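Reader: Please show me the model first. Then I will ask what stands behind each label.

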Amino acid sequence: MDNLQTYLYISAILFSLGLYGVITRRNGIAVLMGVELILNSANINFVAFARFGGMNFSGQVFALFVIIMAAAEAAVALAIIINVFNNLDTVNIDDARELKL
Amino acid sequence: MDNIAFGLIVAITLGSALMVVISQQLLYSAIALLFTLFGVAGLYIFMWADFMAGVQIVIYIGGILVLLIFGIMLTNKISSVNISHTSLQRRVGAVITLGVLGFLIPMITKTSWLQISSEEPAQTADSIGRLLMMEYLLPFEVASLLLLGALIGAAMLSRNTN
């Protein structure tokens, strides 16, 4: 727990799980959860390099910006998904092919 | 003692992350995501980033996760068949995922990482605040603009036009 590699391994596994979710899920919100996992794994990397790689607090500030971006992304993505649901009556992203009805 | 706690946190993080991507009930996925996010906050604390852990809990669990659960419940009809909860192309997904993992793990093992030993900082929020207000002032302002744009955009998109 006191070396960089441990955290990088955890982050790599978390990234792979998120990728699996993004690839296999059909529900838009479930895909969004996979994206959240990927963003979290990136954040673990940032904070790990801040702790062990001499990035000091810059790494943590970058992780902070990633969290801000994730919040904005989640809000807009959910608005889009709810709109798709209202118009097409489904959240299956395979069915959402049109930009306009 | 520390090692046990660390192992437990890692197990919770990765185990519930697995639940997030394979659970067939979307609400269970959301609850599992709660534990994943808490586990990541625990990892931050192990990396001396206590402020980041607080931010993680407040924004991710208090904000994004609640938003996700709202989304799940708003897009769910009792009458509809639960077809949208299922997964597709599991085998292809597993192959691609294992391929990526099989690329990342040896890469992490082989690379000789530069490791600088540093002592535990006395306070973290203080230093982060200084960095945000001095070195990263422009990204900070741009981020606030991004949040404002996202707020207005999300409100515009989800409002009822009829």
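Author: Chain B has six helices and zero strands. From its N terminus on, the elements of chain B run α-α-α-α-α-α. Chain A has three helices and zero strands. Helices (H or I, at least four residues) and strands (E, at least two) are DSSP runs, numbered from the N terminus.

Reader: What kind of model is this, and how are the residues numbered?

Author: This is a predicted model, in which local features need pLDDT of at least 70, side-chain atom pairs count only at pLDDT 80 or more, and totals for chains, interfaces and linings use all residues. Residues are numbered from 1 along each chain as its sequence is written, while chains are lettered from A and ligands numbered from 1 in the order in which they are written.

Reader: What makes A:Asp89 exposed?

Author: Its neighbour count. A residue is buried if 20 or more other C-beta atoms lie within 10 Å of its own, exposed if 12 or fewer, and partly exposed in between, with C-beta atoms placed from the backbone. A:Asp89 has 11 C-beta neighbours inside 10 Å, so A:Asp89 counts as exposed. A:Asp89 sits in the segment after α3 of chain A. Its phi is positive, about 65°, although A:Asp89 is not a glycine.

Reader: Why is B:Trp48 called partly exposed?

Author: B:Trp48 has 18 C-beta neighbours inside 10 Å, so the partly exposed label applies. B:Trp48 lies in the loop between α2 and α3 of chain B. Phi of B:Trp48 is near 65°, a positive value in a residue other than glycine.

Reader: Which class does A:Ile80 fall into?

Author: A:Ile80 is partly exposed, because 16 other C-beta atoms lie within 10 Å. A:Ile80 belongs to helix α3 of chain A. The C-alpha atoms of A:Ile80 and A:Gly28 are separated by 9.7 Å, and the two residues are 52 residues apart along the chain.

Reader: Why is α1(A) described as largely enclosed by the rest of the structure?

Author: Of its 21 residues, 16 are buried, so α1(A) is largely enclosed. In chain A, buried residues make up 59% of the 101 residues. In chain B, they make up 25% of the 162 residues.

Reader: What makes the largest nonpolar core a core, and which residues touch the most other members?

Author: A nonpolar core is a set of buried Ala, Val, Leu, Ile, Met, Phe, Trp, Tyr and Cys residues joined through C-beta atoms within 7 Å. This one has 72 residues, and those that touch the most other members include A:Ile29, A:Ala74 and B:Leu68. α3(A) gives the most to this core, with 17 residues. Not counting residues up to four places away in sequence, B:Leu68 touches A:Ile29, A:Leu32, A:Met33, A:Ala74 and B:Ala30.

Reader: How many residues of chain B are in contact with chain A?

Author: Two residues are in contact if their C-beta atoms, placed from the backbone, lie within 7 Å. By that rule, 68 residues of chain B are in contact with 62 residues of chain A. α3(B) gives the most to the side of chain B that touches chain A, with 12 residues. The residues of that side divide into 47 nonpolar, 19 polar and two charged. Ala, Val, Leu, Ile, Met, Phe, Trp, Tyr, Cys and Pro count as nonpolar, Asp, Glu, Lys and Arg as charged, and the others, Gly among them, as polar.
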